[in-house]
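Subject: Structure handover

Hello,

Here is the structure I said I would pass on. My notes on it follow below.

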Amino acid sequence: MVSDIVGSERDPDAIAQRKWLRAIYGTHPFSRPGEGTKESLAGITPSDLLAFHKAIFARDGLHIAVVGDIDANTLRERLDQLFGDLPEQQTLAPVADVVPKLGQLVEENCDLPQTSLRLAWPGVKRSAPDHFATVLMNDILGGSGMTSRLFEEVREKRGLAYHVSSELTLDKLLVTTETRSDCAAQTLSIVRDVVKQMAQQGPTGAELKAAKKHLIGTYAIDRLGSTSSIADRLLDLQIHKADVDYNQRRARSIGRVTLKQVKAAAKKLLSAEPAILVVGRRWAARMSKETHLAFLLPWGFSWEERIWRPVGQADHADPRSRFAGLARHWRSRRASRRNGAPQHVCRLLQNTLARHQQAAGG
């Protein structure tokens, strides 16, 4: 285990994951690496393992799902043989709930040919009244694979990524994708635009109808296709304290969700500023809001100036110097009255430069 940890110290994705967890969870236990640290592993003794075993292996924390050719009496006898001598109650300390800290950018700058992007918005608990409305919204946004909005905009229309999806985790809605490093800024901008449109307008009636059909129709295939998958599903329902008739009620609950409810769920969750994780080359995703500045160039300038592309699509120079150079050039042209750039364009460049300088610490 220590060897794996030492190896992960040079793995950009592992480094980024640790930074991501610390950033969004702070000092909460969720921020700790599941495999531990070199220091924590070195301090574990055999008595620690025995104490942990005694604390966790108890009957009140035990969930069992059985699927197969066995009758209730035989099963009862087998379970008593296996687990009858366990302690009655666990003695673990409860873990407090935590709300992820969103609205921040976490970067791991490394020279890789591909940049990974991860964006997190608020999620909902499974017990929340708008849970199924959120599930349907997520299916339309990025959960339904090749028919989702994100897949359509990022892959089908532009070919920027092989895979892009969204999923509901325990406490957040997570969007993930990977793309060429020189396309990271464009990809991030498109993802944010798709999410923003969903937050502001919600899905269409046709999209909601298709999502209901997909979630109801594929449930048995995805979750109930074998004895092992049925057992996994029954165990999951117990852990989340769902009623025994959940599988029967699920389709009716999804069918009753209205378009208004899905739009409300989208607005509530997706209007927040996300936490963003970028693993790749420096400046690859800093230009998400200025990706299309190149098209503001007036036609009086040279061919190279007109098709100038934002950082991440041409080279990886610091954008501060490139913005500054263009702004100076345009100001000099305006001063000499030769095809001068409009004043609002110069102000836009100056404001953009100032924002990037501030983001980069001056």
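I will begin with the largest pocket. Helix 6 gives the largest share of its lining, six residues. The model is predicted, so local features need pLDDT of at least 70 and side-chain atom pairs count only at pLDDT 80 or more, while totals for chains, interfaces and linings use all residues. Residues are numbered from 1 along each chain as its sequence is written, and side-chain values use heavy atoms, with hydrogens and water left out.

The pocket

A pocket is found on a 1 Å grid over the protein atoms alone, with a 1.4 Å probe: it is an open set of points with protein on both sides within 12 Å along at least five of seven lines, and lining residues have an atom within 4 Å of a point. The space in the largest pocket is about 1800 Å³; a volume is the space filled by probe spheres set on the points, and grid points are joined across faces, edges and corners. Its lining has 49 residues, and Arg-126, His-131, Thr-169, Leu-170 and His-240 are the ones nearest the centre. Among the elements that give two or more residues to this lining are helix 6 (131-143), strand 3 (164-168) and helix 12 (246-256). By type, the lining residues are 20 nonpolar, 14 polar and 15 charged. Nonpolar covers Ala, Val, Leu, Ile, Met, Phe, Trp, Tyr, Cys and Pro; charged covers Asp, Glu, Lys and Arg; the others, Gly among them, are polar.

Strand 5

Is strand 5 mostly covered or uncovered? Strand 5 (residues 275-280) is mostly covered, with six of its six residues buried. Buried means under 20% relative accessible area, exposed means over 50%, and partly exposed is in between (1.4 Å probe, protein chains only). On one side of strand 5 the buried residues are Ala-275, Leu-277 and Val-279, and on the other they are Ile-276, Val-278 and Gly-280.

Two strands pair if DSSP finds at least two bridges between them. Strand 1 (residues 105-109) runs parallel to strand 5, over five bridges, and Leu-105 has Ile-276 as its bridge partner there. Strand 2 (residues 114-122) is antiparallel to strand 5, also with five bridges.

Aromatic pairs

Rings of Phe, Tyr and Trp (its six-membered ring) pair if their centres lie within 6.5 Å; planes under 30 degrees apart are stacked, over 60 edge-to-face, and the rest tilted. The count is two aromatic pairs. Tyr-25 and Phe-30 are edge-to-face, at 5.5 Å centre to centre with 90° between the planes. Tyr-25 is buried, at 8% relative accessibility, whereas Phe-30 is partly exposed, at 40%. Phe-132 and Tyr-246 are stacked, at 6.4 Å centre to centre with 20° between the planes. This pair links distant parts of the chain, with Phe-132 in helix 6 and Tyr-246 in helix 12, 114 residues apart. Both Phe-132 and Tyr-246 are buried.

Remaining points

Gly-205 is in helix 9 and counts as partly exposed because its relative accessibility is 42%. The C-alpha atoms of Gly-205 and Lys-260 are separated by 9.8 Å, although the two are 55 residues apart along the chain. The structure holds zero disulfides, a disulfide being a pair of cysteine sulfur atoms within 2.5 Å.

Regards

Terms used: Helices (H or I, at least four residues) and strands (E, at least two) are DSSP runs, numbered from the N terminus.
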